[in-house]
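Biologist: Thanks for sitting down with me. Could you show me the model, so that we can go through its chains together?

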Amino acid sequence: MNLTTAESIKKLLVQKVLLGHEPPATPEILKELSFLGKERIHRPLIYVGMASCGTIAGASKIHDSIKEYLEGYNYQVDLVEGGCIGLCSMEPIVDIQMPGRTRLVFGNVSKDKVSLLLDEMLNYSLPQGVDILGQYSSQILQNWDDVPDISAHPFFAGQHRLLLKHCGVIDPLSVAEYIAKGGYRAFSRAIAQKMPVEVCQCIEESRLTGRGGGNFPVGRKWRMVQETYASQKYFIANAVESDPGSYMNRMVMESNPHLLIESLLIGAYATAASKAILFTRREFDHAAKQFEKALEQARNFGLVGHNILDSGVSIDISIKKGARAFVCGEETALINSIEGKRAMPQAKPPYPTEKGLWDKPTCVNNVETLINVPLILHKGAEWFKGIGTETSKGTKLFTLSGQTSNRGIIEVTMGATFREIIYGIGGGLKNSVRFKALLLGINSGNFITENTLDVRIDYKELQNIGISLGSGGFAVVDQTTCMVDIAAHLTKFFQKESCGKCIPCREGTAIISQILEQTIRRPDAGNKTSALERFKGIMQLKSVSTVIRETSLCALGRSAPNAILSVMQNFNDELRSHIYDRKCPSGSCKGLRVFFIDPNKCIGCTVCFKKCPSDAIVGTIKQPHHIIDERCIGCSVCYDSCKFNAISAY
Amino acid sequence: MDFTIHINNNPVKVQEGESLLSVLRRFGIRIPTLCNMEGFSPTGACRLCVVEIEGRKELVTSCSFPVEKGLCVLTNTQRVMRARKSIVEMLLSNHPDDCLYCSRNANCELRTLAAELHIVERRYNAPKRPFFPDFSSPSVMRDAAKCVLCSRCVRVCEELQEVTAIDFISRSNQTIINSAFKKGLNNSCCVHCGQCITVCPTGALSDLPSLDKVQAALDNKEKKVYFLISPALVVSIAEHLDFKPQQNVLGLLTNILKKLGASKIFDLSFAIDLHIRMEAQIIAHRIQNGINEPLISSCCPSWVKYAETFMPEIVPHLSPVKSPQQLFGTYLKGLDATNEKMIEDDAFIVSLVPCVGARFEFTRPQNTHKGIAEIDAVLTTRELLNLIRLHGIDITKATPESPDMPFDKGLPFGFKMGYSGGKSEAIAEALYPLIKKKRNDHYKYIPGRSPSGIREAKLAIGLKDLKIAWASGQHKANKLLEGFRSNKKQSFCYIEIMACGDGCAGGGGHPIDFGKEKSRIRKKICQEFEKECGIPNAPKSTHAENFLLDIQKSGTNQALSKFRTDNGLHKQL
Amino acid sequence: MRKKIAHFLDRFPNKLREDLIPLLSDIQAEFGYLPQDAIVEVSNYLSISLNKVYGVATFYDTFWFSPKGKFHIKVCNGTACKIENSTLVISELEKQLKINAGHTDSEGNFSLEIVSCLGGCAQAPVMEINQEFHIRIKIQELKFILAQCNAKAEMI
């Protein structure tokens, strides 16, 4: 077989693999596939992790210097802009595969290490002084000695990578590699062998639920759309991911866009929607570009558009880029945003499944939810049901961030405990400070504490302790962080991001936010009633929070007071010491610090006296100064300006 | 399909598709709302209409919840009450709290809610919103600080009137309702219909205060103050003056105004009558000369502004006859070519109308002549009530009295002008004597509705078949004019358009009493009153008579140039 | 202004309501903010009420209504960055640039924006200056970074 031209590759993949028998028949084809899948290579192959998280860490500079290096190198080397394997704290990550040998993964590659790395590697020797994360062991290739398999790395050992299997491994913009690794087969088989109802049924049987936070059964939602009669239906993948501290969807879009395209195709087919839309943010520029390029390739292969693979099925996929607003993640708000309106959530019913985009039945699913679908169709609902716990099936992606040693995107089986993730995958806390809390679904404000660390990740079990899993943020906080401060931060976020439509969310969050500001700040000098107001405010915290939670229009508004309720439940001592003692136990609320001038060190230069904005410092030239506590507003100007270290803060 | 649900353990029969809110109201439980409006789809923004449904974790807003089989609704649990109370308290947390200085202190929905929910203590304290009132518009005043962002005004402006002069700006608690770039109403496409004022639950939208000007005129000994009473005002003011709701209070009102210090009081229906006869004359002229072109009414100032802003191509087709209010002013002050003054030089004419647009209309440059305004001040019904209260007039001591001669008597066309479709009928009646050929030519007026939902009437006079169409509310007007704008042949000889829903009966200047049914009641009262007025007569002045004759003889344009009563619309273009 | 944005308008020949946000985003990307005339042009072109267009534009954080500085600094204040003390970074920047977040300084050199997440949580705290990322920022570094920008600004 001659695989030199793009046309011949396309012919092989479409005719023999996607439309051919299962499994692909001849050894010859299998061999070709292993070349297309980059298991075997003719030339050295270098991957640079160029997903957004890599770029932020400086991967593009590494890419440029590798390119520069290769220009002066005599042999041909393939340089690929790869995706992200998830270990973002070790970025920039470079993978190198030499012909005949297994692929090696290097982390924390800096610009000055590039030439050393390439010098050694292109000569088949391991470089010293570069972090080797591991190798992808293989049975058909020669393994490197003394290099552990990548799966043995603590970050990967605890994970169960089904959805992320190919992320950071394959070339995101190679449709051939994706198909060679088994991609698009679930879709091609579905449109050839299954009716839309059967696809819905299969998903329903698998008991896959929405990962965006709603936990609604996906199959049932699909069936509702499928059964609604309409001239036009829409299928939307929600890739807005406006929840701070989570970027799993972006990572999937950047590292494996074809997986998402395949999922969209299956979803649109199952719901009989001829138009599928990926709705993302304009800030996800790289992700959108990757997706668009991949979409072009898929179109070229006849996988998207009119009469896909001669099946008579037509599905068009387009990408829409929205403007930035947190609330866009809510499905009705998202629909309004696509329609070019203010992204305000609407009252349900009617649900989007009846009246969505342009008043047509619309199915909106989160990206993470969707990418489960090809797997389920490929391996069957029974297989999927076997993963996870009794009540929650499959795996869950998290963005591990905060104060753990390893941070990044992880995938764990439902049923894993938080402790396993933090101390296993996360490698424990950095700086060896004690664990304090885990912000789960970050902005949904659910705190996991030492007491609940051993709870399993399971929708039901979490619900029992009053916590929802959220969309996948996972930030670990150590003892140096003040929980009241965090709650104030989260509430402020909700207040700013409230769409302003319903009263409880709009006014209520502003009220809570103000109360919390008062507790972590010193009062204005001269405001005599501030203490009274503060106490009055605290007394109302619970009732306001409850009303917001009970009456807000959308789920985002309802989760706004979670943070403060959670602090009241779990960290009440800390809150009380802020209110009554005006002290921050963890010392991170700068506004509550008390300043003291050491009379032995102060030479009376009057700098602090002049700079104090609230006239809290008294003293004369060349005499030690003194701070009047009642007037101090804790701005720390004096502390910063003293050249003699005479001022100390408590 | 009917089924039964349980409300506070009482079985209630409901129909499928009904909203829970309407069922509860029918059952006799008043559920508070701030954002709900009859005829609009629910937004679920205020969350005040929450109720508890057994078996559901969350509280449910009844406005957006369609009834389901087997519902058990609890409307008055402590949880529900607490939620409602908290929500109102939240609204109050940053409210200016200047109820004593608020134009709506007597009928503020927010204040009523606070009282009903027994809010007696300030539990939440939030900084006041740093917004300033917008005095830029000649008709509507906006005080964003009092706004509760219920979106009623935005929806009325957008959906009913299709103007969109205001919209939400920004997000979160910084949200404000304003026009683009926060430049104020005067820089927007506002057509001054005032519908937003009538739906506003608080004092965020109100009339631009103008009592001072009238007060000053009343104080000025040199000035004679004339009041013109619009028939459409008479129908709504009765119950607000504590009279019987359906009583013709023209006489009583005259007496009250006299007590205020008015020099003379005229009934505006004379001008309406004249206005209608003029337009009828123009139509007759067109019919007789074979000009097949509809005359579009221009008596509604908001509609004129709307046409100028959004469909300038329509403007040349608008009737050149001034609106009754301006016509009367011109006529009384002798500002037409004849220079025949009916009143003194130092007269100060105050027009009393249930119309916000009229307040904008009298300030337009084409309604002044060399510095002399046709009308000197306009008061809406609301402001008139304020004036009467301000002057401490004891209503109970009022005795009916006839308005001043020669414009004393309410004419039937006057009340016809008070509701949508009424003017069309009046035009038809006025047209009949002008184009009938034989003495006993039959006259038939059949109002109806075209298949596309347009209100129209067939008018048969002798052998002639004519068609008249009308619409009220800009949304419906747009629908009606769609065909006209796309140059489709239309056989209407007259098109009546009123900017407010139900015409002047639903005018933006009526006292604030919510609900669409109110304007329907006013329409009915109009129809009753017009019966009392008897048969329409010819106008009572030779001047008007001459004018009408002139149109008949020499055609519209010439007659208008002679009498200078055109509203300046075609001069503009 | 019409000429300046004509090529953006041409990208949306169908003049649909759904084109509004993409069109505004394009203009924002080109100018760094939405000039008033441009908003008026967009409203005319798409036949959407100006008040509506302005209402939509002000809803989203993406859109600015005054020009940005030559160096637009975005500081992430997402939870992960907050844990790593991004608030201190912001207050330090505000102090050094003498502007509040959301504003541009009087010379037009710097503008400061707080964003809810830049998606670099593993490298917190993160800051972006004209598409260039600075990660794991320490307060002490800020002076140096700003000085570099100032030097570049003078060269421009």
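Biologist: How far apart do the C-alpha centres of domain 1 of chain B and domain 2 of chain B lie?

Modeller: A word on conventions: this is a predicted model, where local features need pLDDT of at least 70, side-chain atom pairs count only at pLDDT 80 or more, and totals for chains, interfaces and linings use all residues. Residues are numbered from 1 along each chain as its sequence is written, while chains are lettered from A and ligands numbered from 1 in the order in which they are written. Domain bounds come from an automatic or database domain assignment, which gives domain 1 as 2-76 and domain 2 as 125-207 in chain B. Their C-alpha centres are separated by 29 Å.

Biologist: How many residues do domain 1 and domain 2 of chain B each give to their contact?

Modeller: Two residues are in contact if their C-beta atoms, placed from the backbone, lie within 7 Å. By that criterion, domain 1 of chain B gives seven residues and domain 2 of chain B gives eight residues.

Biologist: Which element gives the largest share of the side of chain C that touches chain B?

Modeller: Nine residues of chain C meet 12 residues of chain B. Helices here are DSSP runs (H or I, at least four residues) and strands likewise (E, at least two), numbered from the N terminus. Seven residues on the chain C side, the largest share, belong to helix H4 (residues 50-59) of chain C.

Biologist: Staying with chain C, are H6(C) and H7(C) parallel or oblique to each other?

Modeller: Take axes as lines fitted to C-alpha atoms, for helices over the stretch in contact, with angles from 0 to 180 degrees between N-to-C directions. The axes of helix H6 (residues 86-97) and helix H7 (residues 139-155) of chain C come within 10 Å and cross at roughly 40 degrees. Angles under 35 degrees count as roughly parallel, over 145 as roughly antiparallel, 65 to 115 as roughly perpendicular and the rest as oblique. H6(C) and H7(C) are therefore oblique.

Biologist: Which residues of H7(C) make the contact with H6(C)?

Modeller: From H6(C) come Leu88(C), Val89(C), Glu92(C), Leu93(C) and Gln96(C). The partners on H7(C) are Ile139(C), Leu142(C), Lys143(C) and Leu146(C).

Biologist: And how many residues does chain C give to its contact with chain A?

Modeller: Chain A supplies 38 residues to that contact. Elements giving two or more of them include strand E8 (316-322) and helix H20 (483-497) of chain A.
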